[in-house]
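Colleague: I have just opened this one on my screen. Could we walk through it together?

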Amino acid sequence: MSRGGRILLAHGDGGRLTHELVRELFLPAFANPALAALSDAAILDGLPDGRVALTTDAFVVDPPVFPGGDLGYLSVCGTVNDLAVAGAVPRALTFALVLEEGLELGLLEAVVAGAARAAREAGVVIVAGDTKVVPRGKGDRAYVTTAGLGVVPAGRDLGDQHVAPGDAVLVSGAVGDHGATVMACRHGLAGEALRSDCAPLASLVGALLGSGARVHALHDPTRGGVATTCNEVAGRAGVRIMLDEAAIPVRPEVRAVCELLGLDPLYTACEGRVLAWVERSDAERALGALAAHPLGAGAACIGRVEAGVPHGAPVVLRTAYGTERPLDLLAASGLPRIC
Amino acid sequence: MSAESALAAPATVRGLLRRVERLAGRLPRRVTLMEVCGTHTHAIAAAGLRRLLPANVRLIAGPGCPVCVTPVDYVDRAEALARRPATVVATFGDLLRVPSTSGSLERARAEGVCVRVVYSPRDALRLARDDPDRTVVFLAVGFETTSPTVAAALAEAEADGVPNFLVLSGHKAMPPPLRLLAGDREAGIDGFLLPGHVAVVTGSDAFSFLAEEFHLPAAVVGFTPTDVLRGVAALVDMLGRGEPEVVNLYSRVVRPDGNAVARALVQRFFAAAACTWRGLGAISASGLALRPELARRDAAALEVELPTPCEPEGCRCGDVLRGRIDPPECPLFGSACTPAAAVGACMVSSEGSCAAFYRHERLAGVRP
Amino acid sequence: MCLAVPMRLVERRGEDGIAELDGVRREVSLALEPDARPGDHVLIHAGYAIGVVDEAEAAATLELLREMVREGDED
């Protein structure tokens with residue numbers, strides 16, 4: 001395959017170039033028997049007993065390669081994490097690409113290598129894929145869509161319906177790392193310590209659930225950050241979530257990026273963090289299990305669940321000064337502002 | 001601990017609050033203090049400071065939010081310019097969702113018009129350098145803090161010969177509306193918190209007229225909760241003693257004479273002009289227009305078709321911005337005008353008076 | 001209209017410089033503060049330094065605040 005070349009429309013035609021791409025790039029990178037069979041659908045053998053979980057996601061990110069990850073790594077982690085927070089053990093993914101004509105092959109190789117690395121770290125296999133190419137100008141370099149399949153072991157039942165007043169709200173680490181890193185890249189800010197937190201979380205979730213702490217619900221605070229995820233949970237569970245500003249960990253460089261661009265870390269995406277709603281008396285045990293895991297260093301209790309207030313704000317932040325303000329859903333994502 | 005983080009420490013804030021309470025005990029009546037900077041409004045809301053003040057100290061937000069005071073016809077013109085062939089409109093994020101007569105820049109972008117959000121006027125200049133076949137129009141809004149940065153970008157464009165970088169000036173000056181508000185006895189403002197970063201450029205002396213001509217106390221303050229409370233304490237103290245002065249409490253960056261280099265650069269490219277403040281109407285010499293010799297860089301000179309602007313009926317933004325009424329007293333508040341469907345300036349910006357009021361009522365679950 | 005952040009100027013090249021805050025760096029223009037030197041803390045707004053922090057005044061402010069808080073405690 002021509003190194004230093006570019007994607008042509010013919011790479012999406014299903015002909016010689018497509019087969020070359022599959023044979024020389026995707027198969028070696030994702031290496032597994034189900035994929036190697038190259039049939040129209042992957043047959044999965046040996047799934048454990050339990051309820052099947054299925055999720056889907058689409059990924060667009062600018063820039064496609066950033067400190068701490070890339071579009072491919074992000075796609076696999078994001079999919080695996082959706083399964084993990086549902087309580088499922090992730091098993092297999094699909095990986096479909098829409099590429100823009102003219103995309104440098106080197107960038108595609110980086111994306112595929114990233115996806116393969118994430119799959120190895122997460123212990124999942126990419127068993128099916130597809131590639132389409134759109135004319136130059138009709139797509140922003142590359143888009144990825146995935147589907148992820150996992151199995152929920154018997155006896156495990158997570159969900160917002162279990163969230164109740166009194167629950168503790170935990171986060172597995174500092175917030176806003178991914179969003180701040182990506183926004184920094186787009187707006188000319190640099191820093192050695194700026195890195196996306198992108199990571200596969202199934203093993204962290206496993207450690208938490210294996211600790212015996214009564215976990216009611218789990219979510220990964222991706223786009224829209226912690227505040228948006230809490231709004232979603234509060235809405236579905238019919239409760240009010242109180243967050244304690246002083247307790248929410250934010251790394252200094254993330255805070256600096258947010259200050260410079262006028263963003264709020266609470267609304268900035270994480271891609272390697274878990275929010276957990278836990279029975280209050282088990283909060284310490286849960287925190288211990290998170291903190292003992294490499295991806296859970298910096299875990300903290302950041303708030304609690306209270307009874308819902310009719311017409312009241314579903315998520316409220318208690319500031320460092322003892323005052324309260326609502327954390328509502330944003331009309332739209334944070335933009336650099338001067339005021 | 002850096003100076004800035006020490007200044008935000010809760011213990012310091014609590015200490016200053018006690019001081020404010022003590023000083024407020026000497027006040028003969030309830031006083032109304034006004035801040036005139038969107039960044040102050042944001043900082044105060046973020047820390048929930050308003051609710052910590054004693055009952056006889058009322059702190060309100062004036063016309064300091066550039067989004068709130070930008071008139072509809074400016075945004076209409078920006079949209080129309082973006083629809084011109086081979087034109088890119090570059091803007092700060094603040095303006096993207098401001099309602100125009102037909103929609104907003106954001107909606108126009110969805111229709112295929114070229115609008116780019118930038119962090120700096122220099123980023124807009126770079127767009128012009130990289131794309132010499134297209135005209136880049138930078139939406140130059142903001143007060144004295146921002147106009148020097150636009151002037152510097154213009155200087156660079158002139159020096160390097162970048163002809164396709166144009167500016168649509170919506171710049172405004174801060175002292176003129178303060179004169180209007182200080183003279184408005186119906187509004188009854190007793191003192192002002194002055195915008196610290198505007199003062200970095202203008203110098204604190206630029207505001208001494210408030211005490212000299214209007215006998216009102218004012219404090220130039222920074223943006224941490226501590227800075228704001230220091231200002232409130234100073235104003236309450238001066239009101240209690242009946243000794244109005246203009247004091248500089250942001251001396252770590254504000255000098256009496258400000259930044260002369262910045263002001264000179266603005267003078268080189270801009271001249272004072274009358275302009276319209278959304279909600280307040282026209283104020284003479286309160287805006288900046290590009291000098292006639294810079295006509296080729298003035299996007300306002302380009303031919304565009306503009307819709308007939310309409311002022312929403314019943315909207316009382318002007319009275320809210322002047323501090324004459326509280327948001328709920330506007331007939332549109334909470335019904336026709338909400339953060340999700342904003343009609344007037346004060347609800348458009350998330351830190352406008354009405355938006356802030358609406359949001360805080362949701363804490364208690366009071367239906368507006 | 002005032003989102004400006006104090007950053008430390010770490011490098012200067014003609015009218016441009018590199019400023020840093022908590023490990024985050026940005027290219028900034030010194031066109032409005034031509035006398036700023038590496039080591040100074042500068043106030044950055046929209047990519048330009050618009051002012052220089054007076055370290056002595058900053059220290060004095062901190063001390064004044066500590067005094068005020070102590071006084072307040074004695075009330």
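This is a predicted model: local features need pLDDT of at least 70, side-chain atom pairs count only at pLDDT 80 or more; totals for chains, interfaces and linings use all residues.

Colleague: How many helices and strands are in chain A, and what is its radius of gyration?

Modeller: Chain A holds nine helices and 14 strands. The globule rule gives 20 Å for 339 residues, and the value for chain A is close to that, so the chain is as compact as a globular protein of that length. Its C-alpha atoms fill a box of roughly 65 × 55 × 35 Å along the principal axes. The radius of gyration of chain A is 21 Å.

Colleague: Which strands are the edge strands of the open sheet in chain A?

Modeller: Four strands of chain A form this open sheet, with mixed pairing, in the order S1-S6-S4-S5. An edge strand here pairs on one side only, and that applies to strand S1 (51-59) and strand S5 (125-134) of chain A. From one strand to the next, the twist averages 15°. The edge strands are S1(A) and S5(A).

Colleague: Which residue in S5(A) stands opposite A:Phe95?

Modeller: Strand S4 (residues 89-100) of chain A runs parallel to S5(A), and nine bridges join them. The residue in S5(A) opposite A:Phe95 is A:Gly129.

Colleague: Which residue of chain C is in contact with A:Val257?

Modeller: A:Val257 is among the residues with the most contacts inside the largest nonpolar core, which has 256 residues. Leaving aside neighbours within four places in sequence, its contacts include A:Ala180, A:Met183 and A:Leu194. From chain C, the contact is C:Val24.

Colleague: Which helix gives the most to the side of chain B that touches chain C?

Modeller: In this pairing, 43 residues of chain B are in contact with 28 residues of chain C. By class, the chain B side has 22 nonpolar, 15 polar and six charged residues. With seven residues, the element that gives the most is H2(B).

Note on methods:
Residues are numbered from 1 along each chain as its sequence is written. Chains are lettered from A and ligands numbered from 1 in the order in which they are written. Two residues are in contact if their C-beta atoms, placed from the backbone, lie within 7 Å. Helices (H or I, at least four residues) and strands (E, at least two) are DSSP runs, numbered from the N terminus. Ala, Val, Leu, Ile, Met, Phe, Trp, Tyr, Cys and Pro count as nonpolar, Asp, Glu, Lys and Arg as charged, and the others, Gly among them, as polar. A nonpolar core is a set of buried Ala, Val, Leu, Ile, Met, Phe, Trp, Tyr and Cys residues joined through C-beta atoms within 7 Å. A residue is buried if 20 or more other C-beta atoms lie within 10 Å of its own, exposed if 12 or fewer, and partly exposed in between; C-beta atoms are placed from the backbone. The radius of gyration is taken over C-alpha atoms; the globule rule is 2.2 Å times the number of residues to the power 0.38. Two strands pair if DSSP finds at least two bridges between them. Axes are lines fitted to C-alpha atoms, for helices over the stretch in contact, and angles run from 0 to 180 degrees between N-to-C directions.
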